[in-house]
Structures are given as structure tokens and as C-alpha cells.
Amino acid sequence: MTSRSRVRAIGVALLTVSASVALVACSGGGDAGPSAGPAPVGKRVAQSCGDLLPSGSLDVYAKTFTIDRDWTPTKGSPAARIAEQRGRVCRWVATDDAATTITLAVADLPEKSLTNLKDALYERGGSVPTYRVEGYFSLADGVGRADAFADPYWITATSPLFTEPGGAQPVIDAVRGVVQPGASATPAG
């Protein structure tokens with residue numbers, strides 16, 4: 001096992017334990033009493049959904065989308081975890097097919113949290129160098145998931161339209177351009 005692999009493996013173990021503790025701690029009520037979970041570690045993402053994915057960014061999919069303002073992320077999903085960290089979560093629905101959606105979530109996290117997430121995704125595999133930052137892609141049950149790290153931001157997007165890494169590229173590029181406009185084109189990690 002290489003040195004990087006050992007570091008990543010240790011990070012995965014820490015992430016698993018940390019995530020379990022965080023999920024247990026977050027199951028309490030919303031009060032500030034002793035049973036309440038720890039405060040979010042992320043900073044509030046100020047950009048709106050329209051700022052993160054500007055008008056026209058979804059035109060490449062040859063569909064018309066509207067934002068679903070009543071949507072809430074599924075508990076335990078990456079979008080739900082980002083919402084818990086004061087991130088921005090958004091969902092667009094195709095006007096001609098309600099099953100065609102694009103979900104976007106963006107969190108501004110401290111370096112340690114980002115490292116843990118990167119380590120877990122690295123171990124899972126699916127590295128995507130074309131995202132121009134450390135990025136990963138997976139496909140499960142016909143829904144693609146892209147994760148990109150424009151430090152200090154974690155960007156995750158899911159859609160049935162993302163059948164391969166390039167399918168998510170327009171979304172990742174648009175959001176990365178907003179949150180990190182002066183970023184280097186060299187992947188991190």
C-alpha cells in the first residue's frame with residue numbers, strides 16, 4: 001500500500017466514524033440543550049441556486065428546467081448532509097418530464113472535512129480529471145453523481161442525465177466558475 005493509500009485509508013476510517021457520530025448527534029431535537037448535536041462546521045453558502053447555476057447553464061441538455069422550490073433532500077443523501085452544513089441545495093425539474101431532475105448541493109467546508117470527504121471518494125474510485133479540480137463520478141440505479149472539490153467548496157450534483165462523467169461536466173464547470181473563478185486548471189490531490 002502506498003503512503004497516499006494509507007493516508008486515504010485512515011481518512012476513510014475517520015470519516016466513517018465521524019459521519020456515524022455526526023448522524024447520531026444530529027438526530028436530536030432543534031433545541032440548544034445538552035441533547036442537541038454539534039453545530040455545523042460549514043460556512044453559509046451565500047450564492048442562490050440561480051447564482052450557482054446561471055440561466056442557460058442547463059441548455060446543453062436540450063430540455064427546459066424549472067427550479068423546484070418545495071423540494072427537500074432525502075435524509076442521509078449528500079444534499080441533506082450539505083444542507084446540515086449550511087450549504088446551498090437546489091433541484092431543477094424538466095418541464096416535460098418530472099422524472100428528469102438535476103440536484104445540486106454546494107458546501108463551504110474546513111480543510112479537514114474536505115480531506116475526509118476526498119479520502120472517502122478516492123477509496124471508492126471514479127476519479128475524473130476533466131473536472132479541473134479533484135473530482136469523482138459514480139453511477140447507481142441510472143442516476144449519476146458527480147463530486148468536485150473547488151476548495152473550500154464541495155460540489156455534488158446528481159441526475160439521471162449524468163450517465164457518464166462528461167454528462168455532469170456542464171454543471172460542475174458552471175458552479176466551479178462561480179465559487180472559484182480564478183482557480184487553476186490543475187487538479188488538486
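Cys49 and Cys90 are both buried, where buried means under 20% relative accessible area, exposed over 50%, and partly exposed in between (1.4 Å probe, protein chains only). The model is predicted: local features need pLDDT of at least 70, side-chain atom pairs count only at pLDDT 80 or more, and totals for chains, interfaces and linings use all residues. Residues are numbered from 1 along each chain as its sequence is written, and side-chain values use heavy atoms, with hydrogens and water left out.

**Disulfide**

- The structure holds one disulfide, a term for a pair of cysteine sulfur atoms within 2.5 Å.
- Cys49 and Cys90 form this disulfide, with 2.0 Å between their sulfur atoms.
- The S-S torsion of Cys49 and Cys90 is about -90 degrees, so the disulfide is left-handed.
- Cys49 lies in helix H2 and Cys90 in strand E2, 41 residues apart, so the pair links distant parts of the chain; helices (H or I, at least four residues) and strands (E, at least two) are DSSP runs, numbered from the N terminus.

**Nonpolar cores**

- A nonpolar core is a set of buried Ala, Val, Leu, Ile, Met, Phe, Trp, Tyr and Cys residues joined through side-chain atoms within 4.5 Å.
- The largest such core has 29 residues, and Leu104, Ile155, Val171 and Val175 have the most contacts inside it.
- Two or more residues of this core come from each of H2 (49-52), E2 (88-94), E3 (97-108), E5 (143-150), E6 (153-159) and H5 (165-179).
- H5 gives the largest share, six residues.
- Beyond its neighbours within four places in sequence, Val175 is in contact (heavy atoms within 4.5 Å) with Leu52, Leu53, Leu104, Val106 and Ile155.
- Another core, of 12 residues, lies apart from the largest one and includes Ala105, Ala107, Tyr136 and Phe149.
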